[in-house]
Amino acid sequence: MDFLSNHLLSVILFFPVFAAIVIGFLPKGEDKLVRWTALVASLVPFVLTLVLWFSFDQSMSHVFQFEENYIWYATINSNFHIGVDGISLSMVLLTTLLTPLAILASFSVKEKVKAYMMLFLFLEMGMLGVFMSMDLLIFFVFWEIGLVPMYFLINQWGSKNRNYASLKFMIYTVGGSLGLLLAIQLLGVLFGTYDIAAIREGWTALSGTIMGMDVATVKTVTFWAFVVAFAIKVPVWPFHTWLPDAHTEAPTAGSMILAGVLLKLGAYGFIRLVLPLYPEQSAHFAGWLAFLAVMAIVFGAFGAYGQWDFKRLVAYSSVNHMGFVLLGIAAAAKAYGTANAHIAMNGAVLQMFNHGLSAAGMFFLVGVIYERTHTRDLRKFGGLFPLVPIYGGILIFTSMASLGLPGLNGFVSEFLVVRGAWGELAGYTAAGMLGLLFTGAYILKGVKNVLHGPMNEDWAHGEHKLTEINTREIVVMVPLMALMLSLGIWPSWLLTVINNAVTALF
Amino acid sequence: METTNLIWLLPLPPLLAFFIIVLFTNKSNKLSHIVGVSAAALSWAGAMVVFFRALGVDHFGEHPFTDSIPWLPLGDGWLEIGVRIDPLSAAVLFFVGITIFMIFLYSVGYHNFGQPKGDHDKQGLPPHGATVEDEHGHKHTVPSVEPMYARFFAFIGLFAAGMYTLVISDNLLTLFVGWEIMGLCSYLLIGFWFAKKSARNAGIKAFMTTRIGDVFMLLGLAFLYTATGSLSYEVIFSEATLHALAATPAFWGLSAAGAIGLLLFIGAVGKSAQWPLHVWLPDAMEGPTPVSAMIHAATMVSAGVYMTIRIFPLFSAGWDGHALTPTMSIIAFIGAFTALFAATIAIAQNDVKGVLAYSTISQLGFMMAAIGIGAYVAAAFHLITHAFFKALLFLGSGSVIHGMEHGVLHTGDHSVDPQDMRNMGGLAKKMPITFWTFLIGGFALSGFPIVTAGFWSKDEIFADAWAHGHTAVFVTLALAAFLTAFYTMRQITMTFLGDAKTPEAEHASENTWTMTTPLVVLAFFALAYGWVGIPESFPIIGGLLPNWFHDFVGHTLEHPMAAPEFSWIPLLTSLTVALGGLALGWVTYRNFKAGAVDPMRKLLGPVYHFIENKYYFDEAYDVLFVKPAIWISEVFTNKMDQGVIDSILHGFGTVSFAIGKFIREKFDTPVINRFIGDGSAEVVQIFGRKLRKVQTGRIQEYMLSALGVLFIIFIALYYLVLA
C-alpha cells in the first residue's frame, strides 16, 4: 500500500498502458474478453482517482500534491515531474471518468476490437499526462502522444471521409504545436531547466534583451506561439474547422473523448501555461482573446444551428461552449488578481468539466441513434419520441444540460463566466449573448427534428423498426446525468476544489 | 415545523412528483395523478401555513421569514442562496398555491381520466375518442383518455416546482433558476402534443422568444452582481446600495440602477409577453387548456410581473415621487401600449382561448404600466386578482371546449372546430356551472363594479395614474379597459347566450366534478379577493372592511407609499368603460347568427383585416429576424468555414507543396543528381517515383507535405539560431 500511496499519480497514469499491453497478449478472436478487460482496466484509474480525490487536501488545492519527481533526460535537465492541484485534479477526474464510459460505449464496435481498446487506453495515458505534468518537456511529450491514438481511431474506425478528417486533425494540431515546441525549447535553453514553476519565476521577471532581441518582443512572439497551439486544440474560432470534420468521422466513443477531454487540453494549456508565463501579454491581448472567444460563441452557435447532420450540429456546439471557457480565461487574464478574475476563472474551469459531461453525453446519444438508423440526417428522423420514450427523455435531459438550463450543470459555469467577464469585457460579453440565444435555437432544432413532429413511419415498422436504448447504453448515460444534475444543484463539491486553486493562482 | 424550514420544502413535493412519475409510476395513470395532485395539495397546504403565519407577525415587512445557506464558493467568500417570504411573496404564494392546486385537480377531468383508451390515439396527438358498446349493442363514441396522461402530470409538477422556487427565493439567482425551469416546462407543455407541427413550433417559439428576454436578464444579473457583489434582495435593495447604484452612471444616460432595472425588465417583457416580445403567447394556446391556465395565470406570465414588482426599488432608485426615472417611463410606456394594443387584437379573435390569450397580454400590460408609474401596490393587487379570474376563465374555456368536443363526438362531424366561438351559442343552458363561473370571471376581467375583484384592482391603477398626473397612461388604460369589457361580453354572448349555432353545441354537456370544482373555487376568489383591498376613502363602503392588501403588501418596501386620494374622475371613468363596454358588447353580438359576418368586420372594414392578422407581427419578425438567422447559419457560416477558412488551410498545403516541388526540380535533381552520382540518382529516382504518387491532387496529401517542409525549416532554424 505504501508503494501505491507514494506513487498514486504514476499508477493512475501508467496503469492504462499496462492494461493495454496485457490486452495485446490476450488470445485472438476473444472480443468479449477484450472488451471486459478493457472496461475493468479503465475502472482502475477511476477508482484510484476517487482515492486521490478524497485524500487530496482541498483547502490547499492551489499547491501541487502527490508530487513525483524522477530524472528523465539529464542532459537537458528535464525531469519526469508530475503532480496535481485543484485545476488538474478536476481534469484528471473528468478523464478517468469518461474513459470507462467511452469504452463501455464502444462495446458495439465489431472490428479490430483489440487494437481499438488498446488505443483508447494509450489515449487515456496521453491525456492524463498532460494534466499531471509539471515539466514543460514532458507536457509537450504527452501533448503529442495523445494525438496518435486519436488519429488512428478516426482513421481506422471512422466513417466515409475519415482519411481527410483524421489527417486534417493530425496535421493541424501538429502544425500548431511546432511553434509551441520552439517556444518551449527557447525557454528550456534559456533557463537550463524545464520545470514549469522555475521557468515561470525566471521568465516573468526577465527583462532586457535575449540574443539581441528585446525581451518584450520575444515574449510577445512566443506568447502567440503558445496561444495558437492551444487555440487550435480548444478550438477557438477561426481555428475550429478541423473539429466538425473530425467529429463527423470519428467513432462515437472517439467523439466522446475528443469533445469530452481532448478539447480541454487546449484550454488547460491556456490556464496552466499561457496565463502564468505571460501575465502581461495575456492582459494586453485579453481583448483579442475575448474577441476570438465571442466569435466562437456566436459563430459556433450559428454554425450548429445551420447543420442538418446531427453529429455536426453537436460538434459545432462544442465550439460554442468552449468559447465560454476562453471568454472566462480572457477576463481572468485582463483582471489578474481581482474578484472578477477569480469568478471568471472558476466559471472557465467549471465549464470545462461541464462541457466534458454534456458533450460526451450528446455525442453518445447521437451515436445511439446512428447505430440503429445508420443516418445522422435530421431530416430523416422526426416524431420518434413515442417509439423510444426512454431515449427521448435522456436526450431532452442532456440537451437541456447542454443548453445551460438552470438546475443543471451548464448554467452555473456559464453564469460565472458571464458574471466575471461583465466587469472586464462588458461589450464582448453582451455580444456573446447572441450566441447564448442561439444555443437555445440549435438545441431545440435537434430535439425538434429527432423526437417531435409527425412520426416518420419508416422507423416504426419492419426491419428498420427503431429499438429503444438498451441497458448498456443507459448505464453509460446514468453517471453523466447524475453528475449534470448534482453539479446543477450543488456545484460546490467540485467548485470548492477549483475555487481554492483559482483564487490563489489568478 | 420551523417556518423557514417549511418554506424551503415548498417546491419539493411537485419536484419529487416529477421524478417519481418519470422514473417509476409512468405506466400507471392512476398512481401518477395521485402523486401529482397530492404533491400540489401538499405544497398548497404548506403555502397556506406559511401565509397565515405571516399574517400573525406584527410589522411583517420589517421581519420577514428569511434563511440562507452558502452555495457557491467564489474567491474568498460564498455566494449565498436562501428563502424569503415577505408581504409581497406571501401574497403571491397565496394565489400560486391555490391556482396550481386547482389546475392539477382540473387536469384529471380534462384529460379524461377513467375513460377508455382511444381507438386510434397516438402519443403526441390529442385523444380522438373511443368506441364503446352498451348492453344493447349500440355503439357510441366517447372521449378517450389522454395517451400521455402520466407525462402531463410530471411536466406540470416540474412547472409548479419552478414557480414555487421563484416565489420563495431571497435572491435573483434562484429566482432565475425557477424562471428558466418554467421556460423549459412551457416549451414541453405548449408542445405537449408534439406530433402536431403547430404545437411543436409553438413550443419552440415560446422558448426562443422568452429566451431573448432571458439573455438580457442574465446580463442584468451579471451587472448587478458585479456592481453590488450580491444578488440577495436584502443587500441589493438596501438603501445604501440603491443610493450608490443610482449615483453611478452606466450607459445611454441611465444610472446603474436604471440600466440594471431595464435589463432585468427586458426579461420580464419576454416572460410576461409584453410588446414587442408578445408573439409567443397566442401560439401557446396550442397546449392543453390546463397548461394555458398554468402559463397565463398561475405561473409563468405572473412571474415576469412579480419580478418587475420585486425590482421596483432598483429602477425607481432616485425617483422623487413625481418625474419618473427613464426606466420607469419605459416600463410605463411598454405596459400601457401593450394593454391597448393587445386589447384591439382580442376583439377580432374567434378562438375561445385566443381571446383570452390577448386579454392576458393586455392585462399584464395594465400591471406593467402600474409598476412603471410607481403604483406598486396596485400592480401587485391586479396581479393577484387577475391570476384568479384568468385561471378561472381559462379553465372555463377548457370546460367549454371539452363540452363541445363531447358534442363533436356525438355528431361525429370532426370538421367542426370545438374552439371556434362561431360554432357555439346557447351553452348557458347546457353547461350551467361553467356558464355562471365564466360569467363571474368575465365580469371580473371587465371590472364590473363593486362585486368583482377585477374592479377593485383596476380601479386602484386608475386612481393612482390619475392622482399622480400620468394622464397619458390613464387615458390609454381606460381605452384598453373599455375594449376589455367589450370583447369579454362579445365572448360571453357568442359562447353562452342565444341559440346553439351548430348541432355540436346542441349536444354539449357539463363536465365532471374534478373540472367544475376548481371553477367554483376560483370564482369565489374572483369575487371575494377584491374585498380585501377596498380603499378606505371609497364612498359609502370604504372603511367597512380594512384595506388589508394595501397595508400588508405596501410594507414590503422600506418606505410604503400612501394610497392615492379619492377622486371621482377615475371612478366614473372606470364605471363608464366597464359598463359601457359590456353593454355595447352585448348589444352588438346578441343577434349574431351562425354564418353571419362579424359586426365588427362591417364596422371597421380593412382595419379589421389588419387586426385579425395581429398587425402582421409574426410575418414581420419572420422576415426581419428568423429568415436572416437561418441564412446566417445555413449559408453564411458554412460558407465562411468551408469556403474561406478551409480554403486558406488548403492554400497552405498547395503552396508548401509547390515549394517542395521547386526544391526537388531546381535543386535536388540538377544539383544533387549531377554532383553526387549514380548511386544517389537511384535513390532520388525511387523518391521521385514515390513523390509522383504524392502528387495526386488530394488536398490532405498536399498538407502533409506542407507540414513536412515546415518541419524541416523549423528544425533548420532551430539549429542555426539556437544551437
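How many helices and strands are there in chain A? In this predicted model, chain A holds 21 helices and four strands. Its radius of gyration is 22 Å, close to the 23 Å that the globule rule gives for 506 residues, so chain A is as compact as a globular protein of that length.

Chain B, for its part, comes to 30 helices and four strands.

| Chain | C-alpha extent along the principal axes | Buried residues |
|---|---|---|
| Chain A | roughly 75 × 55 × 40 Å | 64% of 506 residues |
| Chain B | about 120 × 75 × 60 Å | 56% of 723 residues |

The contacts within each chain can be described by their separation in sequence. In chain A, among contacts between residues at least 6 apart, 80% join residues at least 24 apart. In chain B, residues 24 or more positions apart account for 77% of the contacts with a separation of 6 or more.

The nonpolar interior comes next. In soluble globular proteins, nonpolar side chains tend to be buried together. The largest nonpolar core here has 444 residues, and the members that touch the most others are A:Leu326, A:Leu327, B:Phe388, B:Ala391 and B:Leu477. Helix α17 of chain B, spanning residues 376–411, supplies the largest share of this core, with 21 residues.

Which residues does B:Ala391 contact, leaving aside its neighbours within four places in sequence? Its partners are B:Thr99, B:Met102, B:Ile103, B:Ala293, B:Ala297, B:Ala298 and B:Leu522.

Note on methods
Residues numbered from 1 in each chain as written. Chains lettered and ligands numbered in written order. Predicted model: local features only at pLDDT ≥ 70, side-chain atom pairs only at ≥ 80, totals over all residues. Helix = DSSP H or I, 4+ residues; strand = E, 2+ residues; numbered from the N terminus. Buried ≥ 20, exposed ≤ 12 C-beta atoms within 10 Å, placed from the backbone. Contact = placed C-beta atoms within 7 Å. Rg over C-alpha atoms; globule rule 2.2 N^0.38 Å. Core = buried A, V, L, I, M, F, W, Y, C linked by C-beta atoms within 7 Å.
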